[in-house]
Amino acid sequence: MSKRQQRKMQKKLKKQRRSYIYKARRKKDTLPAWQYYLLLAFACVLETIKKTFKLIFSLIFFFCILGILGVSAVLIKLYPTYQDYKSFAVGVVAESTKEDFNISQTSSIYDNQGVLIAELYETAKARYLTFEEIPRNVVNAFVAVEDRSFWSNSGIDTRGLARVGYRAVMTKGDEVHGASTITQQLARNIFLTHEVSLERKAKEMLISMELTKKYSKQQIMEFYCNDICFANGIYGIEGAAQTYFGKGVQDLSLAQITYLCAIPNSPEYYNPYKNSDRALERSHKILKDMLTCGYITEKEYSDAIDEKITVTEADYIF
């Protein structure tokens, strides 16, 4: 017998000696028959469990290795794309200035002699507000309903992204929306389109993180409140207040503020002149969210819920 065969035989014997069945058989001559067979049966069960667990662990190890290789292959393939998106995000944010977020909504119409003959109603009353001029209830309303981690996140919501990623996988890319932070919404409105795609979502997230590095949270909130759409061509919270309630945002009640803050989520769906009931329903949700977050008291919540909302009549065709 060769040394290799000897080593193989020794290994086999060693393995057998570790077997519960082998240990039970060694006690055959020292135990009564019934005890021996009971012990042997128990040993068979233990041996089966042992082999089953060994098989399970082997499969887990195999799939872990397979998963690591698969993820590595995907990352290697996607890395150049990530680098392109990252460079794009860094570039657009680095070149941005505060003026890029000051959307001018003044649209004037002139005759062929250069004489001003009209100024669009929805833009004539718009005014850019600084963060200090924006009522605290406006800020708290948006944070409560749109992005509760706004003051602490890096521009993205990791939990929300995990949820979106799961849905994207489960729907094979058909659903890639949701979980957009306030910063992401700002990034989309200023630098990107509203196309629903993984590419746009990836760029949106990268730009959001770069925006958070360059601008303070107060600046980002200021940009957001002045840039978002409130339906009917109205941009900015001040323009919305003047258009729908005929007064400045500082003079609005809590109920009126949350009514306006309901609109940007889907401007046409919550259009005050077409779907006022929908806007009111979302307004009540915002009030509930603000109460949950501790931004308002029970009395403020009740008073706002009971307040009747009446928007000014539109004097132009949409």
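**Entry 1: H5 against H12**

I began with H5 and H12 in this predicted model, where the two helix axes come within 8 Å and cross at roughly 95 degrees. On the H5 side I listed Asn137, Asn140, Ala141, Ala144, Val145 and Glu146 as making the contact, and on the H12 side Arg282, Lys285, Ile286, Asp289, Met290 and Cys293. Sorting the residues of this contact by class, I noted six nonpolar, two polar and four charged.

**Entry 2: H11 against H12**

Next I looked up H11 and H12 (residues 276-293), whose axes come within 8 Å and cross at roughly 115 degrees. H11 and H12 are therefore roughly perpendicular to each other, and I recorded their crossing as right-handed. From H11, the residues Leu254, Ala255, Thr258, Tyr259, Cys261 and Ala262 take part, and they meet Ser276, Ala279, Leu280, Arg282, Ser283, Ile286, Leu287 and Met290 in H12. For the contact of H11 with H12 I wrote down ten nonpolar residues, three polar and one charged.

**Entry 3: H5 against H11**

I then turned to H5 (residues 136-146) and H11 (residues 254-262), and found that their axes come within 10 Å and cross at roughly 45 degrees. That angle makes H5 oblique to H11, and the crossing of the two is right-handed. In H5 I listed Asn137, Val138, Ala141 and Phe142, which meet Leu254, Ile257, Thr258 and Cys261 in H11. I divided the residues of this contact into six nonpolar and two polar, with no charged residue.

Reading the lists side by side, I marked Asn137 and Ala141 of H5 as residues that take part in the contact with H11 and also in the contact with H12.

**Entry 4: the largest pocket**

Last, I asked which residues lie nearest the centre of the largest pocket. They are Glu146, Ser180, Gln185, Arg188 and Asn265, out of a lining of 32 residues. I noted Glu146 in particular, as I had already listed this residue of H5 in the contact with H12.

By class, the lining of the largest pocket divides into twelve nonpolar, ten polar and ten charged residues.

Definitions and conventions
Residues numbered from 1 in each chain as written. Predicted model: local features only at pLDDT ≥ 70, side-chain atom pairs only at ≥ 80, totals over all residues. Heavy atoms only, no water. Axes fitted to C-alpha atoms, helices over the stretch in contact; angles between N-to-C directions. Helix = DSSP H or I, 4+ residues; strand = E, 2+ residues; numbered from the N terminus. Parallel < 35°, antiparallel > 145°, perpendicular 65-115°, else oblique. Left-handed = near helix turned anticlockwise from the far one by under 90°. Contact = heavy atoms within 4.5 Å. Nonpolar A, V, L, I, M, F, W, Y, C, P; charged D, E, K, R; others polar. 1 Å grid on protein atoms, 1.4 Å probe; cavity = no way out; pocket = protein on both sides within 12 Å on 5 of 7 lines; lining within 4 Å.
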